[in-house]
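Please keep the coordinates open while reading.

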There are 2 protein chains.
Amino acid sequence: MMYQNLSRAQLLDLKNELTAEYEKYKAAGLKLDMSRGRPGKAQLDIALDILDDKSCVSPSGFDCRNYGILDGLPELKEVLAEAMRVPAANIFIGENASLALMYASISFAMLFGIGGSKPWGKYEKVKFLCPVPGYDRHFAICEEMGIEMINISTNENGPDMDTIEKMVAEDETIKGIWCVPKYSNPTGITYSDETVKRFAALKPAAKDFRIFWDNAYCIHELYPDNPAQLLNLYDECVKNGTEDMPYIFFSTSKITFAGGGVAAVAMSSANLAEFKKHMGVRTIGADKMNQLRHLNFLKANGGFDSIMRKHADLLRPRFEAVLDILDAELADTGIATWIRPAGGYFISFDTLPGCAKKVVAACRDLGVVLTGAGATYPYGRDPKDSNIRIAPSSPSAEELAQATKVLCLCTKLASVDALLETAE
Amino acid sequence: MMYQNLSRAQLLDLKNELTAEYEKYKAAGLKLDMSRGRPGKAQLDIALDILDDKSCVSPSGFDCRNYGILDGLPELKEVLAEAMRVPAANIFIGENASLALMYASISFAMLFGIGGSKPWGKYEKVKFLCPVPGYDRHFAICEEMGIEMINISTNENGPDMDTIEKMVAEDETIKGIWCVPKYSNPTGITYSDETVKRFAALKPAAKDFRIFWDNAYCIHELYPDNPAQLLNLYDECVKNGTEDMPYIFFSTSKITFAGGGVAAVAMSSANLAEFKKHMGVRTIGADKMNQLRHLNFLKANGGFDSIMRKHADLLRPRFEAVLDILDAELADTGIATWIRPAGGYFISFDTLPGCAKKVVAACRDLGVVLTGAGATYPYGRDPKDSNIRIAPSSPSAEELAQATKVLCLCTKLASVDALLETAE
């Protein structure tokens, strides 16, 4: 039933029906949260063996309790390199949050510049390109730093490379771009080979232009036997002689413990030398005990694959619970679109223009918390007010089914209201 | 035997004798390190029970494996508050390094200003006062940020408050001062009550002037039954209405694991709100699993006291080994002075002017590594070239005795050379 084909009278009937349903949910007093990409308890239990580890000494004989080793245990770099697909020597292991490594990279650029260039903080204006919809915490860093953000549209192959190529070539104040290249947050798409090749071949006017390649979901498959294939940006950059362009971020937050994992960044030798110089002023080194625990746990599991399959088994039914309800409730209504992701942590859901805020507010009224509408856009401003990010990882499949029914109901109600405004 | 009273001939005889001894040591091929305040293995073993802890859930029911709790576990704040002597509500728990919290505070001030003031990075010049000798890693932060450092002399009561009061009142570009108020790095002195009171009563021209109160050794006694008494700066500031002035730093690096402890900073509610706003952009939260381990370990030990007594028992003989040799070899020679610290991690040693670099180089030649001469001064420039920082925590008492004999020998040799230059 295409809502757009309904008459005013039919819309009013439908509204009455939906409102009655709304009141029923209201009376039920639900408490459900699909707002953040937070792993569920069963996922956290996958890595429980980490806590059995009482070792203090690394394979090369370093007492991890003591000061030292700024850039992280070399043995752990070797293991992370498998997932990050970069040479171990190009990795810096940080604390628990890749976000903090992104923040550090940008802070250093703001304060000191990159490779001898003018500090970004000394410019009148510095700009970042932001493929949208995207990750709110990326945008928050730019906003705090006073970096102007420019929306770049995205399709199933990744961001609009024509626009990106043109803009970075012309504007020396464009210093960076945020990318989540695989199972993107929130759209779930994976950049095509051509997109990655074009990134590696960018010819930015700014020598200190950097690609912030947040590969947060690089091994986070829902269907491990049929993974999306992301071309290796680092290899492509090496071929193009542009290996100073990318900073490649990774963490085990959604592999071991969300708040107690290890994060890492990979960069060219020149970038890494500069990054280490700055980090060495800030700290003597991250917590290597946690690095050692992770090393032993990952080695005991033969790397990442078997661990990630356990995550997939827990996440897949949750994603499917949401998608099944969306299909059943909204297919052929013409009032919403969504993508079926094959990995990552999110389902990106689009309402009719102008409805997302109302839908999120109505859901909240019924006890279902979603990521704030607009959060997936710079400055929290979704120009169409249509994108909603669904995070299905934490609730149970049953809770998700119920929460998604509420989402569908609120979407229908908001759509009927929007259509009534224009219906004859 | 006062070296200054020796004739040229006597000095030459002495030089021959010392040179023979030097050659003997050289042949011995020592490998000893008194350069950094790194705990020894036995100290790290004090906290081994931390590794037995497999709990994941905080007393208030939070699963510490997951995302969340930006400012740290409230229950751990309560325990840290005992040592930090500040209200638990004013504490922010960071990662493993208090240095990183200092770096963060200064980065935020450089990038964003404090309390609505102009970002420090927007000034032509910003200055910090640096009581000397002091901690090289403090100075390195200022140097990297381009903050001009001004030496402030120190005596047994702390830094020269007359000069500090005058300078901060007159110069709006003086934005901070580095202090290690108890068992200072490297001098081992503890600020007098009057010094602390005068700090709390400072009337800086800059509203965004901050005292960086690095209370790294606040409970690090060598003689726990006779601890130095440091007046509580935070309380004094509250009395004076200047509680926005201090940032008070603390860590368990020298209580549990040097590289795997927890660090914290305490500040006024206004400062804390601002600090949390910035930190919240950088990270979702530090590793709370390590916070939980620390909470349980500290509670199981009834707080800090029994743990710190174990450290004292390990450190005291090491300090005494060094001090005994210094007394035996150099008392009444007139060529060196040092302080007998009652806590902390260092012995500050002063040679005749112009000798420190030569002494450190000669020691290194004999296989004894000391902190680089000059490191205890901003820009690595000790105007008198006389201060050497001795870090006796890590080697055994026997190794320390041997290393200190080498230090004494090299000091004598350099002194004889210096005196020969002026002797008749």
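The largest nonpolar core has 272 residues, and those touching the most other members are A:I248, A:A264, A:C363, B:I248, B:A264 and B:C363. Such a core is a set of buried Ala, Val, Leu, Ile, Met, Phe, Trp, Tyr and Cys residues joined through C-beta atoms within 7 Å. A residue is buried if 20 or more other C-beta atoms lie within 10 Å of its own, exposed if 12 or fewer, and partly exposed in between, with C-beta atoms placed from the backbone. In soluble globular proteins, nonpolar side chains tend to be buried together. Leaving aside residues up to four places away in sequence, A:I248 touches A:M84, A:V86, A:W213, A:N215, A:L233, A:Y234, A:V265 and A:A266; contact requires C-beta atoms, placed from the backbone, within 7 Å.

The model is predicted: local features need pLDDT of at least 70, side-chain atom pairs count only at pLDDT 80 or more, and totals for chains, interfaces and linings use all residues. Residues are numbered from 1 along each chain as its sequence is written, while chains are lettered from A and ligands numbered from 1 in the order in which they are written. The average pLDDT (the predictor's confidence in each residue, from 0 to 100) of chain A is 97, and 100% of the residues score at least 70. For the complex, the predictor gives an ipTM of 0.96 and a pTM of 0.97.

Chain A contains 13 helices and 13 strands, which are DSSP runs numbered from the N terminus (helices: H or I, at least four residues; strands: E, at least two). Its radius of gyration, 23 Å, is close to the 22 Å that the globule rule gives for 424 residues, so chain A is as compact as a globular protein of that length. The radius is taken over C-alpha atoms, and the rule is 2.2 Å times the number of residues to the power 0.38. Of the 424 residues of chain A, 54% count as buried.

Between the chains, 40 residues of chain B are in contact with 40 residues of chain A. On the side of chain B that touches chain A, α4(B) gives the most, with six residues.

Within chain A, the domain assignment, which is automatic or from a database, gives domain 1 (3-43 + 307-422) and domain 2 (62-302). The C-alpha centres of these domains lie 31 Å apart. Their contact takes 25 residues from domain 1 of chain A and 27 residues from domain 2 of chain A.

Key:
Two residues are in contact if their C-beta atoms, placed from the backbone, lie within 7 Å.
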